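Good morning, and thank you for the time on today's agenda.

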2 protein chains.
Amino acid sequence: MENQNIVENRAIKRLFNDGFDVVEEMLEGFCKANKEYAELFEEDGRVVVSKKKSEESKVRIIIGGGSGHEPLFAGYVGENFADAAVIGNVNTSPSPDHCYNAVKAVDAGKGCLYLYGNYAGDVMNFDMGAEMAQDDGIRVETVRVTDDVSSSKNPSERRGVAGDLFVFKAAAAAAAKGLDLDEVKKAAEKANDNTRSMGVALSSCTLPATGKQIFHMEDGDMEVGMGIHGEPGVRRAKLESADKVVDEILGYILEDMQLESGEEVFVLVNGLGGLPVLDQYICFRRVAQVLEEKSIKIHQSLVGNYATSMDMVGMSITLVRLDDELKELIDYPCDTPYLKF
Amino acid sequence: MENQNIVENRAIKRLFNDGFDVVEEMLEGFCKANKEYAELFEEDGRVVVSKKKSEESKVRIIIGGGSGHEPLFAGYVGENFADAAVIGNVNTSPSPDHCYNAVKAVDAGKGCLYLYGNYAGDVMNFDMGAEMAQDDGIRVETVRVTDDVSSSKNPSERRGVAGDLFVFKAAAAAAAKGLDLDEVKKAAEKANDNTRSMGVALSSCTLPATGKQIFHMEDGDMEVGMGIHGEPGVRRAKLESADKVVDEILGYILEDMQLESGEEVFVLVNGLGGLPVLDQYICFRRVAQVLEEKSIKIHQSLVGNYATSMDMVGMSITLVRLDDELKELIDYPCDTPYLKF
């Protein structure tokens, strides 16, 4: 029987070989392309280990989750950022073994912090990985990113999306400064408590294994608040202008954050994979206008594809409320393939 | 009459406001988001000027071309890279006035070098800009990037695509080192002579002003060798696996370059805007395999959306043949919004 998972002769706008090999082939390409930053852990081909780990005994930062969000997660392994990334299949949590092996690969005697987006599969598997590590006498703590305001009224139940980046960055900076595991965890929690995101999708992504979209969207429709795996948002409607879309999304974020005039934020306008950078800047322009009207100061910004959903057309907005401590942590120098500060 | 250029209620997967305002709104967003790197020249809203220009009197590097290729061109303004970027409308050359104003904005007495992809409109308008500057007594030289092997048998007639990046980088490094205009020009020419690219498209991009694709491609088709404005390639066919597509494109590049075993290259796998980073790494993996088989050494690599065609799904491969001089120039430190070495 012919293998139906080969991209060849299928009505899909993707470039891969066998749809079941995409993660292994991606990781092989990733480690070759970023050979000065990262390599696969010899005992586990789903654990990407930093080649720029501090020689000193420090808390180690382990990030991870399903594939399909590149450059998240492997792209943020490097100096003063993640020490390891654990990589699951497309839209699927890494297994407990992979989570455990990441600890084995990088622990330096000061314990490890797991950081990942709050999804049931990731929670279960990382928790099991942490238990396995604790059986070896290695302390592992966890902070789950819960930045997506559209996913629940209850902040602790929310999903993690592009805000991952800031929680990872704050924790990694705290670890780089030599803080202990409790303090590093506290830094991550503080960053998470002050980070809010929301997105909009104009299309589904396609899944390599099936060659099909997760769901269908008519051209010219949008779904406000959709998650990065296609989780339902708050409403589906005809597409509106960039300014109206930004106003709606940013409105939800601002209502949730209750930022005061005079406060400072870090802004990320994140492309979900298929939206041109041109359009992302048009969206950023509106974010900046709205914040300016409210006298909220933009400390720094990023615009680009930082946490994607493969070929999904859409974007998300993330705001991080800054105080002196968070500013210092998020501005801390780092050197990874996709983020250099 | 209702304005037909508003994205609202149209069957298009883009986020903008009025289709005729996209460049102004993008530049406003770009300069706000990258306020430490760039600002608009006060006399001309289409000239993006580096805020990190050397204080010393050095040769100034001016890049530019049509919009729709973001982060090219404005994204590469910064330290030890472009001193200014001249920005045209979508897929349209900047006007001669804009090209001239960029010289006025940045010249520091040592002359300027125009660098851009070889397209008829750009050639005409940048040449006119250079003449206007020369009337003011400012010397302006030009190097046109001609890296796209699929566009002509004659190297000097070829179009410029993602290889732009390396020609810009080599020239900017030469200027940063304090070389004179003739030497900086020579460095750019040498980089161009040693840079070859070719791409594949799986879809057209959409044009904001019309809300339509430039041309139609069936799902599951590809066009090998297509240009970044949709210029015809060498063949249209059913989509093949990533490995076969890479083998074909890389075959054209290698035939043209005649690299010998033992030589060293810089590799760029460039996403055209709609192709997931996941797929780009699968393509890079195959490039690395083929080069390894031929004992061609990869010095460094980049994988990502560096020179796009808005939402076009596709990618291009660029190889730069390196010797010690080009290696030093291309490895030279730089700091721009989208490229930090």
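Predicted model: local features only at pLDDT ≥ 70, side-chain atom pairs only at ≥ 80, totals over all residues.

Let me begin with the two chains. Chain A is superposed on chain B by a rotation of 180° with 0.0 Å of shift along its axis, and the RMSD is 0.0 Å. The two copies are thus related as by a two-fold rotation axis. In chain A, the C-alpha nearest that axis belongs to G274(A), at 2.2 Å from it. Both copies use the same surface, since 100% of the contact residues of chain A recur in chain B.

What does each chain contribute to this contact? Chain A gives 57 residues and chain B gives 57 residues. On the side of chain A that touches chain B, the elements supplying two or more residues are α1 (22-33), α6 (242-257), α7 (277-293) and β13 (297-304) of chain A. Of these, α7(A) gives the most, with nine residues. Sorted by class, this side of chain A has 28 nonpolar, 13 polar and 16 charged residues.

I turn now to the contact within chain A. Chain A is divided into domain 1, residues 22-193, and domain 2, residues 195-331. The C-alpha centres of these two domains of chain A are 23 Å apart. Their contact takes 29 residues from domain 1 of chain A and 33 residues from domain 2 of chain A. On the domain 1 side, α4 (164-176) and α5 (181-193) of chain A each supply at least two residues. Which element gives the most to that side? It is α4(A), with eight residues. By class, the side of domain 1 of chain A that touches domain 2 of chain A has 15 nonpolar, seven polar and seven charged residues.

Next, please look at chain B, where there is an open sheet of six strands. Its order is β1-β2-β4-β3-β5-β6 (chain B), and the pairing is mixed. The edges are formed by β1 (38-41) and β6 (140-145) of chain B; each has a single partner strand, so one side of each is left without a neighbour in the sheet. On average, neighbouring strands of this sheet are turned by 25° against each other, direction ignored.

Helix α2 (residues 96-106) of chain B touches β1, β2 (44-50), β3 (60-67), β4 (84-90), β5 and β6 of chain B, and its direction makes about 40° with that of β2(B). Helix α3 (residues 120-135) of chain B touches β3, β5 and β6 of chain B, and its direction makes about 165° with that of β6(B).

Finally, a single residue, back in chain A. L181(A) lies in helix α5 of chain A. Because L181(A) has 19 C-beta neighbours inside 10 Å, L181(A) counts as partly exposed; the cut-off for a buried residue is 20 or more. Apart from neighbours within four places in sequence, L181(A) is in contact with V59(A), K110(A), G111(A), L113(A), R139(A) and E141(A). From L181(A) to Y116(A), the separation is 65 residues in sequence and 16 Å in space, C-alpha to C-alpha.

Thank you for your attention.

Notes: Residues numbered from 1 in each chain as written. Chains lettered and ligands numbered in written order. Pairing = 2+ DSSP bridges. Helix = DSSP H or I, 4+ residues; strand = E, 2+ residues; numbered from the N terminus. Axes fitted to C-alpha atoms, helices over the stretch in contact; angles between N-to-C directions. Contact = placed C-beta atoms within 7 Å. Least-squares fit on C-alpha atoms with pLDDT ≥ 70 in both. Domains from an automatic or database assignment. Nonpolar A, V, L, I, M, F, W, Y, C, P; charged D, E, K, R; others polar. Buried ≥ 20, exposed ≤ 12 C-beta atoms within 10 Å, placed from the backbone.
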